[in-house]
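Good morning, colleagues. Please look at the chain on the screen while I go through its side-chain contacts, its surface and its overall form.

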Amino acid sequence: MGDRQHGEVEDYTNAFLWMFYLILVCALVMIWGIWGYALALSVCAALHWGIKRLHRHRARVEADWDARVAAALDRARDR
């Protein structure tokens, strides 16, 4: 067993660096996706809140207008 000659081992440095680069890129894309999802979710929640608030305001204004029109029609009928 001691008479076998061992040659040089292959240099896997470039392969290791390329795989490390791919894993790093995948990790950064995943972090970017998670952060982007959280940001998109918060923007959508803010838009939903704003649209809901606008709808309530417009409904209140329309109800006030309908009440004024009904009061004016009642006054006109009473004359």
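Predicted model: local features only at pLDDT ≥ 70, side-chain atom pairs only at ≥ 80, totals over all residues.

Asp-74 and Arg-77 are three residues apart in helix α1, which spans residues 13–78, and so about one helical turn separates them. Helices here are DSSP runs of H or I with at least four residues, strands are runs of E with at least two, and both are numbered from the N terminus. The two side chains meet in a salt bridge, at 3.2 Å from N to O. By salt bridge I mean a side-chain nitrogen of Lys or Arg within 4 Å of a carboxyl oxygen of Asp or Glu. The structure holds one such bridge.

Residues are numbered from 1 along each chain as its sequence is written, and side-chain values use heavy atoms, with hydrogens and water left out.

The cut-offs are under 20% relative accessible area for buried, over 50% for exposed, and partly exposed in between, with a 1.4 Å probe and protein chains only.

I turn now to the aromatic rings. A pair of rings is described by the distance of the centres and the angle of the planes. Rings of Phe, Tyr and Trp (its six-membered ring) pair if their centres lie within 6.5 Å; planes under 30 degrees apart count as stacked, over 60 as edge-to-face, and the rest as tilted. The search of the whole structure finds two aromatic pairs. Phe-16 and Phe-20 are stacked, with 6.3 Å from centre to centre and 20 degrees between the planes. Both lie in helix α1, four residues apart, about one turn of the helix. Phe-16 is exposed at 55% relative accessibility, and Phe-20 is partly exposed at 47%.

Why is the pair of Trp-18 and Tyr-21 edge-to-face? The ring centres are 5.9 Å apart and the planes stand at 90 degrees, so the pair falls in that class. Trp-18 and Tyr-21 are three residues apart in helix α1, about one helical turn. Trp-18 is exposed, at 58%, and Tyr-21 is partly exposed, at 45%.

Trp-18 and Tyr-21 also belong to a nonpolar surface patch of about 1,300 Å², whose members include Leu-22, Trp-32, Trp-35 and Ile-51. Patches are made of residues with over 30% relative accessible area and no salt bridge; like charges are joined within 9 Å, and nonpolar side chains (Val, Leu, Ile, Met, Phe, Trp, Tyr) within 5 Å. Leu-22 lies in helix α1 and is partly exposed, with a relative accessible area of 45%.

Finally, the chain as a whole. Its secondary structure comes to one helix and zero strands. The C-alpha atoms fill a box of roughly 125 × 20 × 10 Å along the principal axes. The radius of gyration is 35 Å, whereas a compact globule of 79 residues would have a value near 12 Å; the radius is taken over C-alpha atoms, and the globule rule is 2.2 Å times the number of residues to the power 0.38. Buried residues make up 0% of the 79 residues. The chain exposes about 8,300 Å², of which carbon and sulfur atoms supply 67%, by the Shrake-Rupley method with a 1.4 Å probe; for residues, only the protein chains shown count as cover.
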